[in-house]
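Work through the exercises below with the sequence and the model at hand. Each task is followed by a solution in steps.

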Amino acid sequence: MKHYLDVCRKLEKADQVLKNGRIINVFTKEIIEGDLAICNDKIIGIGHYEGKEEIDLEGKYVVPGFIDSHLHIESSMISPSEFAHAVLPFGTTTLIADPHEIANVSGLDGIDYMLKESEQAPLSIYYMLPSCVPATPMESSGAILDAAKMENYINHPRILGVGEMMNYPGVLFGDESVLAKIKVAGDKIVDGHAPHVKGDDLVAYAFSGIHTDHECSEIEEVIERLRLGMVVQIRKGTAANNLNDIVSELVKTHLPLTNCVFCTDDKHLEHIFEDGHINSNIRESISLGIDPIEAICMATLYPARVYSLRHKGALAPGYDADLVILDNLETVAVNRVMTKGKWYEQEPSTTAKRYDAYTTVQNTVHCDPISEEDLIILLSQSKAHVIGLIDGQIITKKLVEEVPVENGYFKANETYSKIAVIERHHNTGNKAVAILKNFSIKNGAIAQTIAHDSHNIVCVGDNDADMVLAVNTLIEKQGGIVLVSEGKVLDHLNLPIAGLISTLSAKQVTHKLKEMLDAAKALGINPHADPFLTLAFLALPVIPEIKITDKGLFDVGAFKHIPVEFISE
């Protein structure tokens, strides 16, 4: 401390001085021209300094490192440390992740894996304690985390609070087990997940202690939450991209944005490498009319304050030396990134050797092979409940439509596909089959062990033979993604860690997924739907309006299962 104080008073030289920069002060929203002094991993100050090492920025902009306020690292299909290498070049220096994907498969072992594997990551990774394992009792997960188990982890220094409370009906109905999980947070934050919840229900949801929501898709939802003092996490992901719709309207309201922050939630590696990470949220928001410094605050100071990260989100004395050098403020073009006081230079490499010690999160597919008889949909009439895909969204439409029937059985075609969910954690034998519209797969099937949030096997196809081959291949390989056509396995990606995470590097996984995406497109799949992410969210029974779990077709609004052919009045 004495050394730091002496450097602050310019009695000693700083370790590093970034000279001639345009430094963004997120507190006053000024651009200050001068030097930025750094010692070890801390910011010393802004002004005129001498350093042991001096770097001339030649007028480039210096901003705090970006914070992703809500994501699920497992959805990238790579390890936490490997994910850090993927996003650091885009200026993200802090991640606030909810590991409920792996927790739904492996319980506390999954959380331990995420904590341990990320200890040496080149950026700061914090976690929210999963609150919904499982998301609802309407599905079968690999583990159950109750309040008692959560209490053992809440005081971990890298756990910032309780993760997204997706079981909003449980909150509203006053379910004691759900409320006990909220209570576990104590003085820490509780994240929310409340799509289309409004009015008195939203008031009750906020009153329970839930502080954030990343599920807003319309400006009315945003304004209602801001008026209640909630924080809106504006999401730009792969399957769900709400930023344009929200920000374009938010600009017109002239409301304060201090309770608006950015997140990605789920963004595929391919899209990160093409479009960027949180810097993409900033760039698009600026293009829609938000002041550049305000947009930077939404990615830095504001989320740091929400999650009580007292030493992050700003460039000021005592703050962490996480910063980004930008060529300009309009395109948010990243020139260089510093994290924990060190310039990020290294390239990501395969992390396969790290997985030898993590046996508790491997070999997690426990179910018997299926047959074509398991996929039959018997219909006594031609009308049936249908899951209707909406282009570019993870919400669906609850449809009742005339569907193709042959000899009393549903017959898939280019419009109506068959979707199945098979329980894979405890070999219960649970299997559910339903009808899906607008996926449009032809002559093939896709199956994967990524099926939010319980991550059972989910499969979609237009013929039973290919669906059976796809599912049984996954069982044999202990998890992953499989693409099948006309009785042949076209390609597969192995995901040996909980059926969710690869042992490959980010670049290797991206290359493999691109190959598989091209193969999927050749099967005629709806070009407006990412086939893998879309499929993953069709099993999530907390996203309106209709989904499918291993226990059957599920009406989210009514919060109950329904037979495929049951036609309500």
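## Exercises on a predicted model

**Exercise 1.** Find the bridge partner of Thr212 in strand 12, then describe the sheet and the helices that lie across strand 12 and strand 13.

Solution. In strand 12, Thr212 has Val231 as its bridge partner. Residues are numbered from 1 along each chain as its sequence is written. The model is predicted, so local features need pLDDT of at least 70 and side-chain atom pairs count only at pLDDT 80 or more, while totals for chains, interfaces and linings use all residues; side-chain values use heavy atoms, with hydrogens and water left out.

Strand 11 and strand 12 (residues 231-235) run parallel and are joined by two bridges. Strands here are DSSP runs of E with at least two residues, helices are runs of H or I with at least four, and both are numbered from the N terminus. Two strands pair if DSSP finds at least two bridges between them.

Next, take the whole sheet: it is open, has three strands in the order 11-12-13, and its pairing is parallel. Strand 11 (212-213) and strand 13 (260-263) are at the edges with a single partner strand each, so one side of each has no neighbour in the sheet.

Finally, place the helices. Helix 10 (residues 243-253) lies across strand 12 and strand 13, at about 125 degrees to strand 12. Helix 12 (residues 278-287) also lies across strand 12 and strand 13, and runs at about 130 degrees to strand 13. Contact means heavy atoms within 4.5 Å. Axes are lines fitted to C-alpha atoms, for helices over the stretch in contact, with angles from 0 to 180 degrees between N-to-C directions.

**Exercise 2.** How many aromatic pairs does the structure hold? Describe the pair of Phe27 and Tyr319, then that of Phe554 and Phe559.

Solution. There are three aromatic pairs. Rings of Phe, Tyr and Trp (its six-membered ring) pair if their centres lie within 6.5 Å; planes under 30 degrees apart are stacked, over 60 edge-to-face, and the rest tilted.

Phe27 and Tyr319 are edge-to-face, with 6.0 Å centre to centre and 65 degrees between the planes. This pair links distant parts of the chain, 292 residues apart: Phe27 is in the loop between strand 1 (14-25) and strand 2 (30-39), and Tyr319 is in the loop between helix 14 (301-306) and strand 14 (323-326).

For accessibility, buried means under 20% relative accessible area, exposed over 50%, and partly exposed in between (1.4 Å probe, protein chains only). Phe27, at 38%, is therefore partly exposed, whereas Tyr319, at 16%, is buried.

Phe554 and Phe559 form another edge-to-face pair, at 5.4 Å centre to centre and 80 degrees between the planes. Phe554 is buried at 0% relative accessibility, and Phe559 is buried at 19%.

**Exercise 3.** Locate Glu53 and list its contacts, not counting residues up to four places away in sequence.

Solution. Glu53 is in strand 4 (residues 51-56). With 39% relative accessibility, Glu53 is partly exposed. Its contacts are Asp15, Gln16 and Val17.

**Exercise 4.** Which residues of helix 4 (residues 108-117) are buried, and what do they pack against?

Solution. Gly110, Ile111, Tyr113, Met114, Leu115 and Glu117 are buried. The buried residues of helix 4 pack against helix 2 (80-87), helix 3 (100-106) and strand 8 (124-129).
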